[in-house]
Amino acid sequence: MFEIKLTTIMTILSGKQSTKITDLRFSNTYANSLSELGHFVNPTAFPKPKWVSISSQTSKILNIDATALESQSEWLNWFSGNQMVDAAQPIAQKYTGHQFGQYNPELGDGRGLLLGELLSDTGRWDIHVKGAGKTPYSRFGDGRAVLRSCIREYLASEALHHLGIPTSRALGLFTTGEKVQRETIEPGAALIRVCESHLRFGHFEYAFYQNDTKLLEQLVAYAVTDVLPQSSDEIRALKPNASVQQQAYQLLKFTIRTTAEMIAKWQAYGFCHGVMNTDNMSILGITFDYGPYGFLDVYEPSHICNHSDHTGRYAFDEQPSIGLWNLNALGYSLSPLLSKEELTELLKQYETILLDNYSSLMRKKLGFKEKQKEDQALLGGLLTLMQEQKRDYTYTWRMLSNVRFSDKNEQVFIDTFVDRDAATAWLKRYKKRVSMEVISDDERCELMYSVNPKYIVRNYLAQQVIEAAESGDNKPLEELLLVLSQPFAEQPDFDLYSKLPPDWAGKLSISCSS
């Protein structure tokens, strides 16, 4: 375990926000424990950095004063590589992984850099800059990021957090003053990603495919001691003198559970990640490495949000099975420490956990507190109705939340469908099922409002704020972030953001460069 000085403890416990960069305290567990899995490298110095946005919510988590971030140049100088901070220890991490099902040994932080692990009264946090410049793992890349991709990750990570989906966060983003070549010439930018750890499935795959059991054991011990929450059931089940095999068992058990819980929420809220390579999978079961993601507009289970995914491997309805595929890859990497029987026993738990969590969420979306045998058929009927009539996923759920049978306002929901007879027939079945609940219409609607968002990150909304930011106007970005921070609230002043996407939105092309 890492040591913390008394002065650091006092600073953390006080909850006082840092206004000076010299107030920061670090405990760089990855650099100290796994230095062989990375290269110490300073970020590229960008000569003309300029803030685009700062998240005051994330700055509070880090005990950093948001006003100081914006007003004192030393902060931006650090993030942009123009100033070093004592004890920060920037490192580019080495890992491998399966990309679209094929193992790639040449992976690592090619444009990202872990600046340091910051201590605050909420825990220890990775401060990671996406777009920090070239590293030894950049291969043929330039190590840069563009404003478009940084804004997209910024929006997604904040939006998913407020939906209750486990995710990395972002402290903010800035332009670098450079022009970067992608499909076109775009403004260079960098995102400051924040999460508890960047430990990935791919770290364990690297150790396994190197036939380095000692390194694999180091990774397991590090994950159990310094990364996984010590309050989790899996860690609490370990005795103080637990063997590395016992640690590996509980580590995999934890990651299977949290990954299943995360993907259940993806499916319930209509989120499509787009690039579920094993190097993009967190050992903590959080969503990160956002690229060509998208929320469903029209409900199409086989929707592919990434136009680089030519086979549909990472289509929306494939995500649960890909989650299991990836966990099998992680389990295989741990096979020197776990028996085949143990791996099989653990991996069998995934489907049950995912389906239990998904079913629970979908019952709430339908406004049910009790479980009844007809619920699955009723849900299937609504999803089929959405698919056949090409209805918007999020909008349909929100409209159903407005139905109050006591007010006889069902027609508003029915009118959202082309085939009103089919919608009426389904709603009749739904009304019968609702009558089996012991809660009032108002209580049912409140329950539904808490899980059926009015506002999500639609690709066309992201595109609008990107275009505005590229022209120098950051106000639309700030307003959209504000709206997304309360996705379940009515927010009548921002109704425009809840409207159905325009026709041109379906023509937006999102690829891995996003």
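Me: Is Ser73 buried or exposed?

Reply: Good place to start! Buried means a relative accessible area under 20%, exposed means over 50%, and partly exposed lies in between (1.4 Å probe, protein chains only). Ser73 has a relative accessible area of 53%, so the residue is exposed. Ser73 sits in helix 5 (residues 73–79). Before we go on, this is a predicted model: local features need pLDDT of at least 70, side-chain atom pairs count only at pLDDT 80 or more, and totals for chains, interfaces and linings use all residues. Residues are numbered from 1 along each chain as its sequence is written, and side-chain values use heavy atoms, with hydrogens and water left out.

Me: Thanks! Where does Pro43 lie, and is Pro43 buried or exposed?

Reply: Helices (H or I, at least four residues) and strands (E, at least two) are DSSP runs, numbered from the N terminus. Pro43 lies in the loop between strand 1 (38–40) and strand 2 (50–54). With a relative accessible area of 9%, Pro43 is buried.

Me: Which residues is Pro43 in contact with?

Reply: Contact means heavy atoms within 4.5 Å. Leaving aside neighbours within four places in sequence, Pro43 is in contact with Gly81, Met84, Pro90, Leu113, Leu115 and Ala132.

Me: Let me try another loop. Where is Asn452, and what does Asn452 touch?

Reply: Look between helix 18 (441–449) and helix 19 (459–470), where a loop holds Asn452. Asn452 has a relative accessible area of 0%, so this residue is buried. Not counting residues up to four places away in sequence, Asn452 touches Lys365, Trp397, Arg398, Ser401 and Phe488.

Me: Now for a whole helix. Which residues of helix 12 are buried?

Reply: In helix 12 (residues 340–347), the buried residues are Leu343, Leu346 and Leu347. Seen down the axis of helix 12, they fall within an arc of 90 degrees, so they line one face of the helix. The arc is that of the directions from the helix axis to the C-beta atoms. These buried residues of helix 12 pack against helix 10 (244–269), helix 11 (319–333) and helix 13 (349–366).

Me: What describes two packed helices?

Reply: The general idea is that two packed helices are described by the angle between their axes and the distance between the axes. Axes are lines fitted to C-alpha atoms, for helices over the stretch in contact, and angles run from 0 to 180 degrees between N-to-C directions. Angles under 35 degrees count as roughly parallel, over 145 as roughly antiparallel, 65 to 115 as roughly perpendicular and the rest as oblique.

Me: At what angle do helix 6 and helix 20 pack?

Reply: Helix 6 (residues 147–163) and helix 20 (residues 475–484) pack at about 20 degrees, with their axes 9 Å apart. That makes helix 6 roughly parallel to helix 20. The crossing of helix 6 past helix 20 is right-handed; the near helix is then turned clockwise from the far one by less than a right angle, while anticlockwise makes a crossing left-handed.

Me: Which residues of helix 6 and helix 20 meet?

Reply: Ile151, Tyr154, Leu155, Glu158, Ala159 and His162 in helix 6 meet Leu477, Leu480, Leu481 and Leu484 in helix 20. By class, the contact of helix 6 with helix 20 has eight nonpolar residues, one polar and one charged. Ala, Val, Leu, Ile, Met, Phe, Trp, Tyr, Cys and Pro count as nonpolar, Asp, Glu, Lys and Arg as charged, and the others, Gly among them, as polar.

Me: At what angle do the axes of helix 15 and helix 18 cross?

Reply: The axes of helix 15 (residues 393–401) and helix 18 cross at roughly 160 degrees and come within 9 Å. That makes helix 15 roughly antiparallel to helix 18. Their crossing is left-handed. Arg398, Leu400 and Ser401 of helix 15 make the contact with Arg444, Cys445, Met448 and Tyr449 of helix 18.
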